[in-house]
2 protein chains.
Amino acid sequence: MAYSSKLLEQAVEQFNSLPGIGKKSALRMALFMLKQPMENVEKFASSILSLSKNICHCPQCNMIADSPLCPLCSDSRRNHSLICVVESARDVLSIENTGKYNGLYHVLEGIISPMDGVGPSDLPIKELEDRIVQGGVDEVILALSTSMEGETTSLFIYNRIKKYNIQVTTIARGIAFGDDLEYTDELSLAKSIENRQPFKNL
Amino acid sequence: MAYSSKLLEQAVEQFNSLPGIGKKSALRMALFMLKQPMENVEKFASSILSLSKNICHCPQCNMIADSPLCPLCSDSRRNHSLICVVESARDVLSIENTGKYNGLYHVLEGIISPMDGVGPSDLPIKELEDRIVQGGVDEVILALSTSMEGETTSLFIYNRIKKYNIQVTTIARGIAFGDDLEYTDELSLAKSIENRQPFKNL
C-alpha cells in the first residue's frame, strides 16, 4: 500500500510488528491514534516505555514485577511449600485467573529447545533447585506444555530434583470441558481414561 | 484479571484501548514488548508520538501528510480537474490501492451527523466550494457511504455545488464481486438492475 505520509507509514509498520496485527488493523490503529488528544498518545507511549524500562524480575520466582520481590512471593497468605513451574509470565496470569491455586510459581521464561539454541543452562533451573535446597518446599508441580520441548524440559527438571525428598507432580491431562470425545486426539483420550477419577459433582 | 505488576497492568490497559484489541490480545502485546530490545520499544513509542506531533493536513484536500501540500495534490501527473470527496484518509488509501483513480481528493474527516453533533459547518465543505470556484474542476465524485449520514452529506454537498457548471457523480452501487445474489439486500440488487451496464469482459 502507498501512504501519503512517511510518518503514517512508519507508525503502521510499528503497529504491524505487534503479534497478530496485519497491515489493515495496523492502519486502523495508526489513524485511531491520530484522532486521540496528544496527552492520550503521550500516555500510551510513556506507559509502554516505562514497562520496558522499569520492570524487574522477581529474584525468587523470576516473575515480572514492579518491586524486587513479586507480590506473589511476598504474600504470606500463600502456600510457600508449593511451587508450580511454568514457561511464561502469561501462564502465571492464566493460573491466577482460575483463583484455584494458592502456591508459588517458578517462571522459566523459556523452554529447552535445541532448535532455537535454548539449553537447560539458559533457564533458571539451578534457581529452582536452590529454592528446594533452602527447604520448606513439599511439592513441585510441572505445568509445562505437552509439546516435545515441554516434555523434555519437564523430564530434565524431574531428573534434577527427584533426589530431594519432595513430591513432583504434573497438571492433569485429559478432555477439556466442552470438548467432544469424537474430536479429541487419541493421546489425550487415552490419558483421560488412564487417569480416570472417582465421579463427583462440579 | 489480577496482574503481578502495575506497570504491566497499565501497558495492557493502553493496548486494550486500541480499536479491536481485547484484554487477552493486549496482554499478549505487552508481554511481546517486554521481550523486545529497548531500542525497538523506543522506536515504537517515538514513531507513534512523532505521528501525532508532526503530521499535518494538506491545505487543499485535507489529507494527512508530512509536508503542507500532500504528495497527491502536488503530483502534476494526476488529473487536477477531478475531485473525489471521501469521508476519511482511510478511504483515500483504499481508493489509491486500487490503482484505478488518477484524480485528486477532498477528505471531509467526518460526516454530517446531528446525533454526534456534527453539522455541515464542521466539515470542510466551504473549502471544496473554494476549489471549484478557483476553476479547473470538471467533475466532483461523491464517494461517501450509503448510511443515512452519508446520503445526507452527499445531498448537502450536491445542493451546495450544483450551481457551478461541473458534473457531480457518485460511485456505482451494486453487487460486489464474489457476492451471491441471494444474500444481497433488496436495495443493492434493485440498484444493480437499474444501473445495468453494457456487457464487457473484465
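In what order do the four strands of the open sheet in chain B stand, and is the pairing parallel or antiparallel? Let's work through this together.

Before starting, note that this is a predicted model, where local features need pLDDT of at least 70, side-chain atom pairs count only at pLDDT 80 or more, and totals for chains, interfaces and linings use all residues. Residues are numbered from 1 along each chain as its sequence is written, while chains are lettered from A and ligands numbered from 1 in the order in which they are written.

**Exercise 1. Trace the sheet of chain B.**

Step 1. The order is 4-3-5-6, with parallel pairing; strands are DSSP runs of E, at least two residues, numbered from the N terminus, and two of them pair if DSSP finds at least two bridges between them.

Step 2. Strand 4 (103-107) and strand 6 (167-170) of chain B are the edges, each pairing on one side only.

Step 3. Four bridges join strand 5 (residues 139-142) of chain B to strand 6 of chain B in the parallel sense. Here E139(B) stands opposite Q167(B).

**Exercise 2. Relate the two chains.**

Step 1. Superpose the copies by least squares on the C-alpha atoms of residues with pLDDT of at least 70 in both.

Step 2. Find the C-alpha of chain B nearest the axis: it belongs to A45(B), 2.4 Å away from the axis.
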